[in-house]
Amino acid sequence: GLLKKECLELNKRFFTYHQKNRPYIILKWAETKDGFMDIFRKENKKEINWISSENSKILVHQWRAEEDAILVGRTTVENDNPKLTAREVKGINPIRVILDPNLKLGSDYNIFDNSSKTIIANLILEKKKSNIIYLKCSKEDMIIRIVDYLYQMEITSIIIEGGFKTLTSFINNNYWDEARVIVGNKLFKNGLKSPVLNKKCISKYEIGQDILLKYLND
């Protein structure tokens with residue numbers, strides 16, 4: 001029992017993988033001081049809407065380099081066109097997992113640049129093409145199918161950086177172990193509300209002008 005708490009924290013990915021037969025799941029999002037994670041988007045407004053600071057951006061890339069995989073939904077790809085890499089730090093890019101049920105994403109998005117293995121979870125196609133894996137799922141158990149597939153691939157950890165719908169789907173299925181919420185020094189007054197965690201915040205850190213809140217799903 002010596003330093004049991006510290007040892008569990010150090011090896012949390014290993015224990016979760018072997019005891020729960022799934023990766024360690026980290027939820028991550030940024031929100032404003034008044035609790036919004038995005039503005040209401042107009043159809044032609046397809047660009048990243050930054051809430052957090054440059055210091056937080058570098059930290060997020062460090063987090064990506066520390067985990068095996070990263071997951072977002074189709075809407076995040078359409079709005080932000082992210083690369084989902086760890087390019088701001090030295091490290092290995094995580095495997096990218098995209099929720100695109102009806103395969104609406106065109107090949108011109110950054111996620112199809114072959115810089116990292118990419119899994120497209122969908123309802124239509126089961127196929128492997130170059131560095132892209134199309135994983136066919138059913139609508140009812142898409143999250144369960146993805147988590148099990150990653151376990152079979154020996155992926156021990158994943159960070160979920162999706163929007164409200166994607167994050168909430170993991171919360172509602174109780175498929176999460178840790179949440180990291182970056183509160184930026186901005187006010188939107190209106191927009192897309194952030195997910196709600198019915199958990200007590202266990203730690204609070206300053207990152208420049210931002211605040212990092214951490215939650216655990218005990």
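Strand β1 sends Tyr 24, Ile 26, Lys 28 and Ala 30 one way and Ile 25, Leu 27, Trp 29 and Glu 31 the other way, and all of them are buried. Buried here means under 20% relative accessible area, while exposed means over 50% and partly exposed lies in between (1.4 Å probe, protein chains only). In a regular strand the side chains alternate between the two faces of the sheet. Since eight of the eight residues of β1 (residues 24-31) are buried, the strand is largely enclosed by the rest of the structure. Strands (E, at least two residues) and helices (H or I, at least four) are DSSP runs, numbered from the N terminus.

A word on the model: it is predicted, with local features needing pLDDT of at least 70 and side-chain atom pairs counting only at pLDDT 80 or more, while totals for chains, interfaces and linings use all residues. Residues are numbered from 1 along each chain as its sequence is written, and side-chain values use heavy atoms, leaving out hydrogens and water.

| Partner of β1 | Sense and bridges | Example of bridge partners |
|---|---|---|
| β8 (residues 157-160) | parallel, four bridges | Ile 25 with Ile 158 |
| β9 (residues 178-183) | parallel, six bridges | Ala 30 with Ile 182 |

Leu 27 and Ile 146 have the most contacts inside the largest nonpolar core, which has 32 residues. Helix α5 (residues 142-152) gives the largest share of this core, five residues. Apart from it lies another core of 23 residues, including Trp 63, Ile 111, Phe 112 and Tyr 134. A nonpolar core is a set of buried Ala, Val, Leu, Ile, Met, Phe, Trp, Tyr and Cys residues joined through side-chain atoms within 4.5 Å.

Not counting residues up to four places away in sequence, Leu 27 touches several residues, among them Phe 170 and Ile 171; contact means heavy atoms within 4.5 Å. Phe 170 and Ile 171 belong to helix α6 (residues 164-172), whose buried residues also include Thr 166, Leu 167 and Thr 168. These buried residues pack against β1, β2, β3 (69-73), β4 (95-99), α5 and β8. Following α6 comes Asn 174, with a positive phi near 55 degrees.

Phe 40 counts as exposed because its relative accessibility is 54%.

Terms used:
Pairing = 2+ DSSP bridges.
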